[in-house]
Amino acid sequence: MMEKTERNYTYLLQCADGSLYCGWTNHLMERVEAHNAGKGARYTKTRRPVSLVYYEEFATKQEAMQREWAVKQLTRSQKLELIAAGQKKTGGTE
């Protein structure tokens, strides 16, 4: 029997008004699309379009939810630092 490996994500979106939204999901791109369709969360519904600016991957839902809670405790400047560090680590044309 083959095991299904489910991925869980904690993510940050940047809203059209410049604000940040943090959430968790196990279907990252579908969730971003839902936010942009006005079906993601009450907060993002009036702040569309949103763009995915940061995410982390976890093996379990519990880990992703715990990380979401921790990120939500950060200040805006700490979240921006997290985004900048993540982009340096994963992006770029080096």
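**Reading the terms in this predicted model**

Reader: Why is E68 called buried?

Author: E68 has a relative accessible area of 13%. Buried means under 20% relative accessible area, exposed over 50%, and partly exposed in between (1.4 Å probe, protein chains only). The value of 13% is under the 20% limit, so E68 is buried. The structure is a predicted model, in which local features need pLDDT of at least 70 and side-chain atom pairs count only at pLDDT 80 or more, while totals for chains, interfaces and linings use all residues. Residues are numbered from 1 along each chain as its sequence is written, and side-chain values use heavy atoms, with hydrogens and water left out.

Reader: What makes K72 and E68 a salt bridge?

Author: Their side chains meet with N and O 3.1 Å apart. K72, at 42% relative accessibility, counts as partly exposed.

Reader: How many salt bridges does a search of the whole structure find?

Author: The search finds four. One of them joins the side chains of D17 and R47, at 3.1 Å from N to O. D17 is in the loop between β1 (8-14) and β2, and R47 is in the loop between α2 (42-45) and β3 (51-58), so this pair ties together parts 30 residues apart in sequence. R47 is partly exposed, at 24% relative accessibility. Another salt bridge joins R67 and E56, whose closest N and O atoms are 2.9 Å apart. It links distant parts of the chain, with R67 in helix α3 (residues 61-72) and E56 in strand β3, 11 residues apart. Here R67 is partly exposed at 23%, whereas E56 is buried at 16%.

Reader: How do you know which elements the protein chain has?

Author: Helices (H or I, at least four residues) and strands (E, at least two) are DSSP runs, numbered from the N terminus. By that rule, the protein chain has four helices and three strands. From the N terminus on, they run β-β-α-α-β-α-α.

Reader: What makes up the largest nonpolar core?

Author: Nine residues make it up: Y9, Y11, L13, C15, Y21, L28, V32, A41 and V50. A nonpolar core is a set of buried Ala, Val, Leu, Ile, Met, Phe, Trp, Tyr and Cys residues joined through side-chain atoms within 4.5 Å. β1 and α1 (28-36) each supply at least two residues of this core, and β1 gives the most, with three. A second, separate core has eight residues, including L20, C22, V53 and I83.

Reader: Why is the pair of Y11 and Y21 called tilted?

Author: A search of the whole structure finds three aromatic pairs. In this one, the ring centres are 6.4 Å apart and the planes stand at 50 degrees. Rings of Phe, Tyr and Trp (its six-membered ring) pair if their centres lie within 6.5 Å; planes under 30 degrees apart count as stacked, over 60 as edge-to-face and the rest as tilted. Y11 lies in strand β1 and Y21 in strand β2, so the pair ties together parts 10 residues apart in sequence. Y11 is buried at 1%, and Y21 is buried at 15%.

Reader: What makes the pair of Y21 and Y43 stacked?

Author: The ring centres are 6.2 Å apart and the planes are at 20 degrees, which is under 30, so the pair is stacked. Y21 lies in strand β2 and Y43 in helix α2, so this pair ties together parts 22 residues apart in sequence. Y43 is partly exposed, at 32% relative accessibility. Y11, Y21 and Y43 form one aromatic cluster.

Reader: Which residues is T25 in contact with, leaving aside its neighbours within four places in sequence?

Author: Contact means heavy atoms within 4.5 Å, and T25 is in contact with R7, N8, Y9, Y11 and R31. T25 is placed in strand β2 (residues 20-25) and is buried, at 8%.
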